[in-house]
Amino acid sequence: MQGALYHLEYKTADGTSSIVVATTRPETMLGDTAVAVHPKDERYQHLIGKTLLLPIVNREIPVIADDYVEKEFGSGAVKITPAHDPNDFEVGKRHNLPQILVMDETGTMNANAGPYQGKDRFECRKQIVADLKEQGVLIKIEEHVHQVGHSERSGAVIEPYLSTQWFVKMQPLADQAIDVQKSGKGVNFVPDRFEKIYLHWIENVRDWCISRQLWWGHRIPAWHCADCGQITVTREDATACAHCHSTNFHQDNDVLDTWFSSALWPFSTLGWPDVTEDMKRFYPTSVLVTGYDIIYFWVSRMIFQGLEFTDQMPFKDVLLHGLVRDSEGRKMSKSLGNGVDPLEVIEKYGADAMRYMISTSSTPGQDLRFRWERVEQARNFANKIWNASRFALMNLEGVTAADIDLTGELGTADRWILHRLNETVRDVTRLIDSYEFGETGRLLYNFIWDDLCDWYIEFSKLSLYGTDAAAKKKTQSVLAYVLDNTQRLIHPFMPFISEEIWQHLPHEGETITLAAWPKESAAFESPDAVREMELLMDAIRAVRNIRAEVNVPMSKKVELLVKPASLETQDILSRNEEYLKRFCNTSLLQIDAEMAAPEKAMTSIITGAELFLPLAGLIDIAQELVRLDKELQTLHSEVERIEKKLGNEGFVAKAPAKVIEEEKAKLADYADKRDKVFARLAELKG
C-alpha cells in the first residue's frame, strides 16, 4: 500500500556525530534499543560500539554491527525495535538487546511511550512526526509503496507485537524425521518430487509457536499460579499449584494451533494413548490424501508427532493433489467471485457426478480446472450406469446370488465380457494402487459405457428374450456377475449410486463398502472370444456406417452378403449369425467364402471379410464409386504413412520389437484392404 518512509537523525551521545535511519512506522522508535549497520560498511566503522541518543525520550542506545543490514538499501543504517518487528527481534536476540513494548494489545501507546501514553498508534504517529520536525531530526519524508499485513477477518493493519507464547523445540523432532526419511523407511510421496520440498522445509525448521489467541481449540494444559508465579503443566486438570499447592491459579487462556491439534489425528482418533484394537488394526494408516500447499503445515507435523508419540510413521504414502481452480486456471477467491459452491454442484448434478469428475480429472500434484461440462459428462455417465442397471434388474427378477453359475458352455458375448471384465479389474487395480485416478476413470468409462452398455447388454437381449431357457439362465448369471463387480470397481468414485444398485442386485453381504474388491479369474481368460467379438462388432459397425452414409434407417431390412477371407472366419460368423441378423436387421444373410462379389452392391472391407449390401433399393453405382474411391485414398495414405515410419532407420533402431511387429501387421492389414477396395472399384467400373 502507499505509505511514507521517514528519515530520522540519531545523534551520538557525545554530540560529535550522527546517523540517519529510515522507518515506515515512526511511532515504534520509542521502543528502539539499537541502530544496526553492516560490519563491513566503511561509512560507519567509527560509530560501531558508540551510543546514540534516541530522539524524544533521550534514551541511550548502542550502534551494533550485523549482517542482517543491507549496505545498499537506504542509508545503510537500520533502527532495531525487537518488541515490534520479527526481524529486529532476531537481531536483538543475537546482541542481547532489551525488548521494550511501547503499545498494548489494542494498539494504544503504553507507559513506555512516555508523553504519548494513551494515544492510538496512528494518532501517535501524527504527533511524533510533528514533534520530530520541531526538534529538527526529521530529515525528509518520501512516498513509499510497501507491504503491510492486514487481518483477513477485520481488515485492520496487523501490528507486530512481542508477547509470551508457547513453542515446540523442533530440532530434535526434525532430526528424527530426517533420519527416518533418508533411511528409506519414511513416507512415499506421490509425486515423488515433493519429497525434496518436504526435506528442505524440515532441514531448515525453526521452533514452532503452538499457542493461539482464539476462542475455540484445545486449551493449553498449563495453569498459572497467582501466589508463587509458577506454571503447572499436567495431563489432567490441575487441582492445585504443583509448586506451592495454592488453589489461587487459572488455566492459560491460549489454545493450541489448529495444525498441532490436527497433527494428532492419525492416532488420536483410534483411541491413543491407549493401545486399542483400532490402533492395532489401522495404525499406521496406509495413505494420506492432501493438497501440496500444506506439506509443511500438516504432513510434516503429523510425521513429527507420529514419531514422537508412537515411534512410527503415521502413514505409508502421501498422495498430493493440486488445487481446484476456475475454468481459466485462476485460484477461486471471494474477491474474484469465481468460487464454486460444492453444494450447488451436488444439487444440480448429484454428489456422485461431482466426486467422479473431481477424482478422475486430475493428475497427482497438478491443479484441476473446474468445468461445468465435465460435471455434466459425469452425470450422463451416472445416468448410463443407472439405466443399464434398471434394464438388467428387470431381467434378473427372482435370481439370487446362489443361482449365479458361470460354469459350462457360454456364448461368444458372454465369454468376451468376462474377459474384458478380467482386463478391467487388473488394470483398474494396478492404476488405483499407483494413484493414477485419471487413467482409472477413463478405463472404467470405456468398459462400462462401450463394452457393457453399448455392446454386451444389447447382445444379451437375444438370449434374455429368446426361448432357450438354459442360454437365458447363463446370460442372467453373467449379467448379474459383471454388474456386481462393475459396481465394486466404480464404488470408490460413485459410492451412492453403486451402493443403491448393488443392494438390488443378487448379492451376499450387508453393504458394498464391505464387499471384497474384484479379482482376476484365469477361468475368464478368453482371447478367442475377443477375436470373435471384434470381428462381429467390425461387421455391425460397417453395416451401420453404410446405412448412415446412404440414409437407410435401421428399421429397414437389408440384404447382407459376407465373403470371409478364410474358413475359420466363416465358421465364426456362421456360429454367430444371429447377432448379425439382429443388429444389422437383415432380410437375407449369406456367409460364403466362395461367393462371387455382386456387381451392384455397397461394399465394406473389414479385417477378415468383405461385406456387400446389394444396391437394389439402396443407392446408385455412381455414388458407390465415389465412396469407394474416397476409402481407397484413405487406405493408401495409411499404407504410405506406415511404410515411411518403418523406413525410418531411427524409429526401427529405437522402437521395441513388439511395436515394430505391430506396425508391420497394420501395414499388411491396410494394404490388404486397399487391394480389395481397388479390385472392387475395377469391378464396378467394368
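Biologist: Where does Pro273 lie?
Modeller: Helices are DSSP runs of H or I with at least four residues, strands are runs of E with at least two, and both are numbered from the N terminus. Pro273 lies in the loop between helix H6 (265-268) and helix H7 (277-282).

Biologist: What kind of model is this, and what is the mean pLDDT of the protein chain?
Modeller: This is a predicted model: local features need pLDDT of at least 70, side-chain atom pairs count only at pLDDT 80 or more, and totals for chains, interfaces and linings use all residues. The predictor's confidence in each residue, pLDDT, runs from 0 to 100. In the protein chain 99% of residues reach 70 or more, and the mean is 92.

Biologist: Which element of the protein chain has the highest mean pLDDT?
Modeller: The lowest value, 86, belongs to strand S22 (residues 601-606). The highest, 97, belongs to helix H15 (residues 495-504).

Biologist: What is the omega of the peptide bond from Trp272 to Pro273?
Modeller: The bond is cis. Its omega is near 15°.

Biologist: Which residue does a cis peptide bond join to Val190?
Modeller: Here omega is about 0°.

Biologist: Is Ile56 buried or exposed?
Modeller: Ile56 is found in the loop between strand S4 (51-53) and strand S5 (60-65). Its phi is positive, about 75°, although it is not a glycine. Buried means under 20% relative accessible area, exposed over 50%, and partly exposed in between, with a 1.4 Å probe and protein chains only. Ile56 has 18%, so it is buried.

Biologist: Is Asp311 buried or exposed?
Modeller: Asp311 lies in the loop between helix H8 (295-310) and strand S17 (315-321). Its phi is also positive, near 60°. Its relative accessible area is 64%, so Asp311 is exposed.

Biologist: Which residue is the bridge partner of Val35 in S5?
Modeller: Ala34 and Ala36 point one way from strand S3 (residues 34-37), Val35 and Val37 point the other way, and all are buried. Two strands pair if DSSP finds at least two bridges between them. Four bridges pair S3 with strand S6 (residues 77-80) in the antiparallel sense, and Ala34 meets Ile80 there. Three bridges join S3 to S5 in parallel, and the partner of Val35 is Val63.

Biologist: What is the order of the open sheet of four strands?
Modeller: The pairing is mixed. The edge strands, each pairing on one side only, are S21 (586-591) and S22. The order is S21-S20-S23-S22.

Biologist: Which residue in S21 stands opposite Leu561?
Modeller: Strand S20 (residues 558-564) runs parallel to S21, and five bridges join the two. Opposite Leu561 stands Gln590.

Biologist: At what angle does helix H16 run to S22?
Modeller: Helix H16 (residues 527-549) lies across S20, S22 and strand S23 (609-614). Angles run from 0 to 180 degrees between N-to-C directions; axes are lines fitted to C-alpha atoms, for helices over the stretch in contact. For H16 and S22 the angle is about 145°.

Biologist: How are H10 and H15 oriented to each other?
Modeller: The axes of helix H10 (residues 351-360) and H15 come within 7 Å and cross at roughly 125°. Under 35 degrees counts as roughly parallel, over 145 as roughly antiparallel, 65 to 115 as roughly perpendicular and the rest as oblique. H10 and H15 are therefore oblique.

Biologist: Which residues of H15 make the contact with H10?
Modeller: Contact means heavy atoms within 4.5 Å. From H10 come Ala351, Asp352 and Arg355. From H15 come Pro495, Phe496 and Ile497.

Biologist: Which residues does Thr424 touch, not counting residues up to four places away in sequence?
Modeller: Thr424 lies in helix H12 (residues 412-433). Its relative accessible area is 3%, so Thr424 is buried. With that sequence limit, Thr424 touches Leu444, Phe447 and Leu489.

Biologist: How far apart in space are His507 and Val399, C-alpha to C-alpha?
Modeller: His507 is found in the loop between H15 and H16. Its relative accessible area is 23%, so His507 is partly exposed. His507 and Val399 are 108 residues apart in sequence, and in space their C-alpha atoms are apart by 9.9 Å.

Terms used
Residues are numbered from 1 along each chain as its sequence is written. Side-chain values use heavy atoms; hydrogens and water are left out.
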